[in-house]
Structure formats: C-alpha cells, structure tokens
Amino acid sequence: MSENIGNIIGVNSNLLRVRFEKPVIQNEVAYACSGGLKLKAEVIRVRGNTAELQVFEDTVGLKVGDPVEFTGDLLAVELGPGLLSQVFDGLQNPLPALAEECGFFLQRGTYLHALPRDAKWAYTPKVKIGDTVAAGDTLGTVPEGIFEHRIMVPFGLRGKWTVEAATPAGEYTVEKVVAVLKDDKGYTVDAKMMQIWPVKMPIKCYTERLRPTESMATKLRTIDTFFPVAKGGTYCIPGPFGAGKTVLQQITSRNAEVDVVIVAACGERAGEVVETLREFPELTDPRTGKSLMERTLIICNTSSMPVAAREASVYTGVTLAEYYRQMGLDVLLLADSTSRWAQALREMSGRLEEIPGEEAFPAYLESVIASFYERGGVVRLNDGTLGSVTIGGTVSPAGGNFEEPVTQATLKVVGAFHGLSRSRSDARRYPAIDPLDSWSKYPSVVDEADVAIARKVLRGGNEVNQMMKVVGEEGTSIEDFVFYLKSEYIDATYLQQNAFNETDAANSVDRQKYVFSKLLKIMQTKMTFADKNQARSFFQRLTQTCKDWNSSEFGSDEFKKIEEQMDKMLAEVSDYAE
C-alpha cells in the first residue's frame with residue numbers, strides 16, 4: 001500500500017478534489033479507493049495541499065472522506081515485444097484479456113498488464129561485456145511477427161553506459177534482465193526486455209530530427225497526386241458526420257506504405273470501432289500476404305467509455321508509435337476523432353472552472369493540439385538509420401463548419417489538409433476530399449507543374465459550373481462548356497476511386513504517374529465539337545472507357561487495349577477540328 005494517502009474533499013462527476021499531506025506531482029497516477037475498488041486517476045492540478053484528479057472510470061460510489069493512494073509514478077505505458085496485433089483501451093489494458101476476466105461488461109477497477117508476463121521470446125544479444133551504449137541503443141532483438149523487435153537501452157538514461165553483464169541467447173519473458181549497465185560514477189541499472197515510459201513525455205533518443213520530404217504512398221490518387229502526405233508528416237481530415245472520415249482512414253491504413261499502423265479510436269462511435277475490429281483480422285496485408293493485424297495496433301476508447309480516458313488514448317497511441325520509430329520503422333498513427341478528444345478537454349476545463357476560450361474550449365487548446373502533432377516527424381537514430389511517425393487526425397466539426405476552434409487549431413500545425421465536402425459525399429463522389437479547398441505542403445508523386453495544370457482545370461471548371469447555374473447551359477460558350485466537361489472528367493476518372501474494386505481501390509505510384517500523364521495529354525488536347533450535345537456525348541463515352549481502364553490491371557493486355565481505344569477516341573475529336 002502507498003505511504004502517501006490523501007482524502008477526497010469533493011466529487012464533481014469524474015473530477016476529484018483531494019487533500020494531501022506528503023508531496024504530489026503533476027500527472028501523477030493515484031487510485032481512489034471505495035468499497036474494495038481502486039479507481040485509476042491522474043493529478044491534473046495542484047494548489048497548496050489540495051490536488052485535483054481526473055478519474056478514468058465511473059465515480060459512482062465515491063464520497064467525501066474516501067482515501068486516495070498516490071503512487072509517485074506518472075501515467076505510463078509498457079513497451080516491449082507483444083504489442084503488435086493487440087487491442088488496448090486508453091490505459092493500455094488488453095481488451096480481449098479484460099473480456100475474459102470480466103465478461104461482456106467490463107468491471108470498474110480492473111487493470112491488467114499490457115504485455116503478457118508468461119510469454120517467452122527468442123532473444124538474440126547484440127552487445128557484449130565492455131561495450132559502450134547510450135539510451136535507445138540496441139541491446140538485442142527478438143522476432144515479433146514480420147519485424148526484428150529491438151530491445152533497447154532504457155530511454156530515460158543520460159550519457160554513456162558500459163555493459164557490465166549481458167544475457168546470452170535464449171528464450172525469456174519480458175521481465176528478464178538482459179543487460180546490466182554501469183555509468184562512469186559506478187551507478188548500475190538493470191535493463192529488462194520491457195520498459196515503462198510516461199505517455200506525455202516524447203521519446204527523444206535520436207541524434208537528429210529531419211524535415212519530412214519522402215512521400216508516404218497511400219495508393220489513393222487524390223491524396224498522393226494532389227494533396228500528398230510525407231513520411232513523418234502530419235495531416236488532418238475534417239468533415240461533417242457521414243462524409244467518410246473513418247472509411248478514408250481505414251483505407252489509408254490498409255494501403256499506406258508504412259511498417260506499422262496504430263489506430264487510436266478516441267471517442268469514436270462503438271459501431272465503427274467494432275467494424276474495424278472485425279475487418280482488420282480478415283484483411284490480407286498486400287506487402288506480406290498475412291493478416292493486416294500482424295503489423296497493426298488498435299487503441300480503443302469509444303464514445304461510450306469514460307470521457308477522461310480519451311485524452312489518455314491519444315497519448316498512449318503516440319507513445320507506442322514513437323517506440324516503434326526507435327526501431328527504425330515507419331509508423332502511421334491515425335487518431336479518430338480529435339474533436340471528441342478536444343470535447344473531453346473542454347469538459348474537464350469546465351469542471352476545473354478555468355476561464356473558457358472560444359466555444360467554451362480551454363484557452364490552451366491550440367498548444368495541446370500542437371504538442372500532440374509535434375510528436376510526429378522523421379529522426380536519425382544513434383545507429384544512423386531513419387525512423388518516422390506520420391500522424392493523421394480526423395476532425396468532426398459540428399455542421400461541417402471548418403471555422404470552429406478545433407479545426408482551426410489543427411490547421412495551424414499540420415502539413416496537409418484533406419477537407420471532406422458534404423456536397424461531394426451526397427453526390428457519392430468518394431473519397432469526398434474537396435479538390436478546391438484542400439491543400440498540402442508536401443511534394444507530390446507527380447511533377448508539381450503538371451499538377452498545377454490539373455488544378456487550374458478544376459478551378460476553371462468550377463467557375464463555369466457556377467456561371468451555368470445563373471445563365472444556364474445555353475448562355476455558355478462551347479469553349480467554356482468543353483472546359484467544364486474536362487474538369488468533370490478529371491473528377492470522375494482520377495479524383496474518384498471505387499473502394500469495392502480490388503484494382504481501382506489501390507493505385508501504385510508508377511500507375512498514378514502513367515495515368516496522370518495520359519490525363520494531362522487529354523487536358524491539353526485542343527478539341528472541337530459541332531455542338532454541346534456532341535461534346536457531352538464524347539466525354540460520357542471517354543469517362544466510362546477510362547473507368548474501365550482504372551479497373552484493369554496495370555500493364556496487362558486489357559490495360560493496353562483500353563488505352564489504345566482511348567487514343568482513337570481522342571484522335572477522332574482532334575481530327576474533326578481540322
């Protein structure tokens with residue numbers, strides 16, 4: 001039992017006010033005790049001898065006078081082999097094991113180890129006695145799925161350390177001491193196969209932080225070509241409810257060219273999370289041919305779970321992402337939805353009686369969101385290898401209003417903005433990323449000058465469309481009408497993808513470059529038509545032919561045959577002009 005005991009002097013939903021005698025620290029973990037239960041909580045503010053705690057469970061039954069045990073430890077996660085393919089809650093409790101312990105209805109005050117203590121791992125040492133190491137260096141490896149999981153020097157150590165003892169190769173549990181390290185002052189540390197790290201402290205065991213430049217291929221044409229994301233970059237997907245944010249994230253997680261995918265469902269609806277949990281084990285990873293779950297980790301904190309745990313789930317996810325980055329891997333972290341995380345911050349801020357900012361969100365909302373996205377990036381590790389964490393967060397603004405505080409605070413710190421449009425979603429134009437409002441600061445897989453031409457056609461076509469709504473089609477010149485049809489052709493054949501067609505759902509970078517060059521040729525071809533009906537008929541036939549082309553395998557005989565057919569169609573309208 002802890003020696004530092006306080007007593008509850010006030011309860012406001014999941015916020016406790018506790019009087020203490022011995023020192024406590026910010027973000028310290030404590031347990032509120034009531035009727036044999038110990039409910040996990042975190043210190044979020046200290047004033048004199050009074051601390052305010054947010055409880056990660058339902059506080060029914062807690063009353064004034066109940067004891068609170070302060071642990072002296074920060075809110076932390078377990079790092080080690082056995083994390084991949086797991087489903088955790090926001091506090092890193094393994095949900096399948098929790099279900100076995102409690103049944104269908106999870107019980108308050110039940111906390112389990114994230115890493116199984118009885119599982120043994122085949123350890124291979126990489127250091128010997130007398131070697132000099134630093135925090136983050138590799139002590140040995142164990143196989144975890146398709147990866148060599150690095151067992152590293154504890155991240156909290158400073159300076160150089162000498163290996164005093166090294167465990168030989170063999171099968172050990174995660175609590176096994178694999179090396180004894182000694183510093184120049186004679187202080188020794190036992191390095192175990194697992195380590196514990198506070199979730200709100202970034203892992204900084206690297207030599208250099210680099211600028212994200214290499215594109216992260218998602219195999220979605222709209223993103224890779226027009227609004228790209230770089231490895232180690234950040235992006236957001238704001239959009240109204242039902243516009244396809246969650247589906248877009250799921251498709252990205254399946255096809256993105258990264259090593260590890262971490263899905264943090266922070267406050268998402270339970271039905272959507274259940275769909276993810278059911279689908280991922282059945283999906284085949286295109287890179288390995290095995291289950292996609294073997295390189296996926298899910299943090300599950302649905303909207304029906306305690307509100308305070310939403311904040312923990314976001315930080316748990318990014319800490320696990322940083323851990324795998326330290327192994328030289330490329331990690332994609334998807335947070336869905338950061339709006340509900342911000343709503344949890346607003347709720348706690350209100351209970352703390354802080355001065356509210358815009359729309360009652362806390363005044364420090366921008367800095368909190370910025371500190372989360374800043375944990376992404378590309379780093380050069382101690383051994384010279386590169387690792388990256390790419391962060392993509394969805395935002396659910398009420399009514400699709402992008403001017404609300406969470407969206408605006410996010411836009412200030414991310415490198416790409418994939419704004420979803422209600423009108424495109426209603427028109428079944430998926431993915432519903434608005435090509436006129438969205439933007440990216442990262443380099444495209446296609447030449448930027450060529451992308452600029454396509455963007456110009458899209459903008460010009462939209463202007464003609466708006467004009468036709470006023471003056472009608474009959475008041476539009478044939479040249480403007482053809483320009484409009486070209487923009488609609490880009491939209492229908494390149495920006496839209498059929499997620500239910502195996503070939504069209506995922507396009508390689510090579511295919512995107514080839515198809516876009518053909519698209520560019522069509523955009524720059526001077527076409528002449530007798531009237532608007534002929535122009536409309538031609539583009540309808542060309543669009544359908546191109547959709548068939550999108551469904552054919554790249555480089556196949558069918559692919560080449562359809563391309564020849566498109567060339568003939570294009571030659572016909574070009575010849576007609578002569």
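## Terms and basis

Relative accessible area, computed with a 1.4 Å probe on protein chains only, sorts residues into buried (under 20%), exposed (over 50%) and partly exposed (in between). Helices (H or I, at least four residues) and strands (E, at least two) are DSSP runs numbered from the N terminus.

The model is predicted, so local features need pLDDT of at least 70 and side-chain atom pairs count only at pLDDT 80 or more, while totals for chains, interfaces and linings use all residues. Residues are numbered from 1 along each chain as its sequence is written, and side-chain values use heavy atoms, with hydrogens and water left out.

## Cis peptide bonds

Most residues other than glycine have a negative phi, and most peptide bonds are trans. Against that background, Asp336 and Ser337 are joined by a cis peptide bond with omega of about 5°, and Ser337 sits in the loop between strand S22 (330-336) and helix H6 (338-351).

A cis bond also leads from Tyr430 to Pro431, where omega is near -5°; Pro431 belongs to the loop between helix H9 (422-426) and strand S26 (439-440).

## Positive phi values

Glu359, although not a glycine, has a positive phi of about 55°, and this residue lies in the loop between H6 and helix H7 (365-373). With 44% relative accessibility, Glu359 counts as partly exposed.

Arg428, likewise a residue other than glycine, has a positive phi near 60°. Its place is the loop between H9 and S26, and with a relative accessible area of 57% Arg428 is exposed.
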